[in-house]
Amino acid sequence: MTDELALDFDHWQSVLVSNFGPELTSEQIASLAAIDVPFTSFSRGGKEFTEEFWTDQALEQSSGWEVIRDMAGRAFRPLWVASRNCPKLRARVFQGGPSV
């Protein structure tokens, strides 16, 4: 499941920036790109790689995953708020959305 989360994030981050880049601020784009840094570091060949990081147990208990969740929350919360003024963005990217 963890590797799928990383791959899904990479895919949807690319889709979001490709389709809505002009509507995003440079800070929003940078905060999305920053989430890839820990994924790269924890991936095979990265300086913090361990197989344990990619387990379901680590997803719940690892401080690395906690950092990624925090970064994602900080990156997506402003996008969720901004999407209130952009129905196209809300409909295509958020289905339900985070609690604000």
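## Helix α2

Helix α2 (26–42) has 17 residues, and its first and last C-alpha atoms lie 26 Å apart, close to the 24 Å expected at 1.5 Å a residue. That expected span is 1.5 Å times one less than the number of residues in the helix. Helices here are DSSP runs of H or I with at least four residues, strands are runs of E with at least two, and numbering goes from the N terminus. Keep in mind that this is a predicted model: local features need pLDDT of at least 70, side-chain atom pairs count only at pLDDT 80 or more, and totals for chains, interfaces and linings use all residues. Residues are numbered from 1 along each chain as its sequence is written, and side-chain values use heavy atoms, with hydrogens and water left out.

Which residues of α2 are buried? They are Gln28, Leu32, Ile35, Pro38, Phe39, Ser41 and Phe42. Buried means under 20% relative accessible area, exposed means over 50%, and partly exposed is in between (1.4 Å probe, protein chains only).

## Helix α1 and its buried side

Helix α1 covers residues 2–20, so to speak a run of 19 residues. From first C-alpha to last it reaches 26 Å, close to the 27 Å expected at 1.5 Å a residue. Its buried residues are Thr2, Ala6, Phe9, Gln13, Leu16 and Phe20. Those residues sit on the same side of α1 because they cover an arc of only 110° around the axis, where the arc is that of the directions from the helix axis to the C-beta atoms. Leu7 and Ser18, on the other side of α1, are exposed.

## The overall layout

The protein has 5 helices and 0 strands, and along the sequence that reads α-α-α-α-α. Of its 100 residues, 30% count as buried. Take the contacts (heavy atoms within 4.5 Å) with a separation of 6 or more: residues 24 or more positions apart account for 47% of them.

Thr25, in the loop between α1 and α2, has its C-alpha 9.7 Å from that of Leu79, 54 residues away along the chain. Thr25 is partly exposed, with a relative accessible area of 37%. Gln57 belongs to helix α3 and counts as exposed at 53% relative accessibility. Gln57 and Thr2 are 55 residues apart in sequence, yet 9.6 Å apart in space, C-alpha to C-alpha.

## The nonpolar core

In soluble globular proteins, nonpolar side chains tend to be buried together. A nonpolar core is a set of buried Ala, Val, Leu, Ile, Met, Phe, Trp, Tyr and Cys residues joined through side-chain atoms within 4.5 Å. The largest one here has 17 residues, and the members touching the most others are Leu16, Ile35, Phe39, Trp65 and Ile68. Helices α1, α2, α3 (56–61) and α4 each supply at least two residues of this core. The largest share, 5 residues, comes from α4.

How many salt bridges does the model hold? The count comes to 1, taking a salt bridge as a side-chain nitrogen of Lys or Arg within 4 Å of a carboxyl oxygen of Asp or Glu. The pair is Arg74 and Asp70, whose closest N and O atoms are 2.7 Å apart. Arg74 and Asp70 are separated by about one helical turn, because they are 4 residues apart in helix α4 (residues 63–82). Arg74 counts as exposed at 54% relative accessibility, while Asp70 is partly exposed at 43%.

## Confidence

The average pLDDT (the predictor's confidence in each residue, from 0 to 100) is 85, and 85% of the residues score at least 70. Confidence is highest in α3, at a mean of 95, and lowest in helix α5 (residues 87–93), at 66.
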